[in-house]
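Please keep the sequence and the structure in view while reading.

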Amino acid sequence: MSAAASLELAEIAGSAAPLPSRARDTLETLRRHVPFDAAWLALADPVGSSYTPVASTDLDPGTLGYLSGPTTAHDIEVTGTDRSRPPLSVSDLPYPAANLRTWAECLLPAGIHENLSVALFDGGGRHVGFLALFYGGTEPPSTVVRRRLHRLTRVLAPGIDPLRSLAAASRVVRGATAGTVLYRYGATRPLPGMDGDALLAQGSPVIALAHSYIDDGQVFASFLWPRGGRHAPDGHVRVTVLASPEKTAASLLGTVVLSPVTDLRGLTPRELEVLGLLIDGCSNQQIARALVVAPRTVAAHLEHILVKLDAHSRTLAAVRAEREGLYVPLPSSACRG
Amino acid sequence: MVAETLGRCCDGHRRGRCPPARPAEPSCAKLTDAGARVTLTAVLAVQRGGGRAVRMDGEDPGRRPDPVAVSRDAVAERAAEVLHRLGRIVPFDAGWVALRDPERQRHVALATTGPAGPLRDYFGRPEADDEVDSLGLNRRCPPMLASDIPIPLREVRAWSDHLLPAGFRGGVAAGLFTSSGRHVGFLSLLTADAPQPREADRRVVATVTTVIADELDRTGDIAETARAVEKADAGVVLTRGGDVLPLPGLPDHRLLAPGSPILAVAADELAVGGACIGFLAPAPGAAGDRLVRVTALDVARPELDHLAAAVLLGPPGDSHGLTVLDLRILGLLVEGVIDIPALGRRLRVGTDAVARSLGRSLAALQTSDLTATAVRALRGGLRIPPGVPPA
């Protein structure tokens, strides 16, 4: 019975349906195996301590609003229900339910007297979400129900994991060597299965740029970044920015993935800088000022760039470089609109 | 000579018939009932989306590939897992799971277990695919036991040149066909012990080949990636040879029919570079300026198979008030046509109209020169490439 439930839930988790509908199906299926009067399934926000509801049943808007607020997040933390542990009922606590504000102000007045709550973690121990089952009766949930929910807990996380589609999207990056998940306000968290990299650390210029691309509404962006300093003593690395398609997880912006650079067309680090400013729409004068060199030097660089890119005009050179992913953004570029 | 014999013996297979199935033994009947199928499916399910608890054998599911993790080689990991799980329900000494590239007519190993070197050697030979085909294994047939082969094993090149010398005496092989009927690969399990695998093993393998094929079908991964990158209304998978395959979960579209100009533009642009390109195209049958957005993702794994790109159609998004003419001019600009008279000639409009259009584009894209305008148009997919015909 529990095995069949696991399989059903795993099928929902693996389905192609969008996250909110997977979450709804998860609750519906769960209800057939673990009875409840009302339920609340929410995503954990890894950068703040709040929860975003993704599915619920039989809860009125007032209760839903309260549960998504800071008080509930606080109570979840206080009771340790945000840790990996078997489902917890309010009757397990050494003090009365009314001592918790969520119960006193919201759940008890709504006629809810019992619950089973459990934090949902992925295989790597990442906190994905939170599930609360509510009961109108005062009878504590039976051991059978608790055990059944406990056994099903680990199949629940994949179904609502907002990183799943990000991981799928990042498969377009071939030979990825490192990656990170980007959240609101530039916060970063590890991308499951990927190494990190100093270039992707919180507050790094690459992360700031990735943030600005996603803010501009770009779904996909790719550029080069010099390793070891502006003059690329350690070569360049490809940076790919992918915006998250998951609107459910509001704080999740996207992912930034590093991969090796295959062909630089023989362009030198300096030429790549000039090319980057050209792509930004800088004139020769502006490029000269930005790089603190004479305009004639810029013209000479451009001549080499046109030859190396086999382009007859600045525009074609810029387009070709952008297409081939040879754009090196300069943080100080004055011409980027 | 060997080929001739094969040709004769397997004539029936060539015409698309499967080898005659043996009557089922009562003791194995339970394998085909629904309950047993679920169990076997569960044993093999290495589901993309998750569901760690599908393992019903009580073993620690920890070694399963994490579905959320960015896998460096997801399909090969799943293939290895398939062999690992098969090993618990079917006896074999060497196992081989391969993808088949129908355009290059070759098999590429995804995973092997045991001494699979002879299989690797065999499939590295150009005549392997022909022989596999003549044995009927490139068609949707029940798995074939080595003992089913209607001619002596020493007359089959795979066995005479590779498997018998390596000490293999028995085996079961099957073409892997997805639930949608597409041929994606090949499974071979070999034993040193002739009586094995048996009829019962064949039935076990028969029960799971479709599950295995669905696991290894890369179009599933491609669809998931495509869904994550773009909200599309239609889409297809484009092969290296220009063939079009369904993209699971999305309908096809006549703009994406084999040989369509849009597919040609998408393939050409991906060939120039970049993992993801976008542009606009006039919507078919629409009067006026209705557009569709075309997004193409490079999904080629040339070392594995012939699947090259996902091409998607979706809503056009915000075109910043640009007209079809503006978008066509931007399309030419991106191709390096920057001379106003040349732009006018290409689109059969006057130079004044070109100049006014460029003015609109610079304003819409908030740029001050043609180079930045072309780059913006390319990045935002705000252009109709010259290869895209009018609706």
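## A sheet in chain B

Two strands are taken to pair if DSSP finds at least two bridges between them. The model discussed here is predicted, and in its chain B the strand E6, residues 234-239, is joined to E7(B) by three bridges, the two strands running antiparallel. One of the residues involved is B:Val236, whose bridge partner in E7(B) is B:Pro246.

This pair belongs to an open sheet of five strands in chain B, with antiparallel pairing and the order E7-E6-E10-E9-E8. Strand E7 (244-246) and strand E8 (276-282) of chain B stand at the edges and have a single partner strand each, so one side of each is left without a neighbour in the sheet. From one strand to the next, the twist averages 30°.

## A helix across the sheet

Helix H9 of chain B, which covers residues 218-229, lies across E6, E7, E8, strand E9 (291-298) and strand E10 (307-314) of chain B, and H9 runs at about 40° to E10(B).

## A buried valine in chain A

In chain A, A:Val181 is placed in strand E5, residues 178-183. Is A:Val181 buried or exposed? Its relative accessibility is 0%, and because the cut-off for a buried residue is under 20%, A:Val181 counts as buried.

Leaving aside residues up to four places away in sequence, A:Val181 touches A:Leu163 and A:Leu166, a run from A:Ala187 through A:Thr188, A:Arg189 and A:Pro190 to A:Leu191, and also A:Leu252, A:Gly254 and A:Thr255. As for A:Ala3, which is 178 residues apart from A:Val181 along the chain, the C-alpha atoms of the two are separated by 33 Å.

## The contact between the chains

The size of an interface is often given as the accessible area lost when the parts come together. Chain B and chain A bury about 4300 Å² between them, and 60% of this area is on carbon and sulfur atoms; the contact takes 52 residues from chain A and 46 residues from chain B.

Five salt bridges are found across the interface of chain B and chain A, and A:Glu322 forms a salt bridge with B:Arg379 in which the closest N and O atoms are 3.0 Å apart. Eight residue pairs are in polar contact across the interface, with both residues at pLDDT 80 or more. On the side of chain B that touches chain A, at least two residues each are supplied by helix H3 (34-44), H9, helix H10 (261-272), E9, helix H11 (324-334) and helix H14 (370-380) of chain B, and H14(B) gives the most, with eight residues.

Definitions and conventions
Residues numbered from 1 in each chain as written. Chains lettered and ligands numbered in written order. Predicted model: local features only at pLDDT ≥ 70, side-chain atom pairs only at ≥ 80, totals over all residues. Heavy atoms only, no water. Helix = DSSP H or I, 4+ residues; strand = E, 2+ residues; numbered from the N terminus. Axes fitted to C-alpha atoms, helices over the stretch in contact; angles between N-to-C directions. Contact = heavy atoms within 4.5 Å. Buried < 20%, exposed > 50% of the residue type's maximum accessible area, 1.4 Å probe, protein only. Buried area = accessible area lost by both parts, 1.4 Å probe. Salt bridge = Lys/Arg side-chain N within 4 Å of Asp/Glu carboxyl O. Polar contact = N/O pair within 3.5 Å; in protein donor to acceptor, adjacent residues only side chain to side chain.
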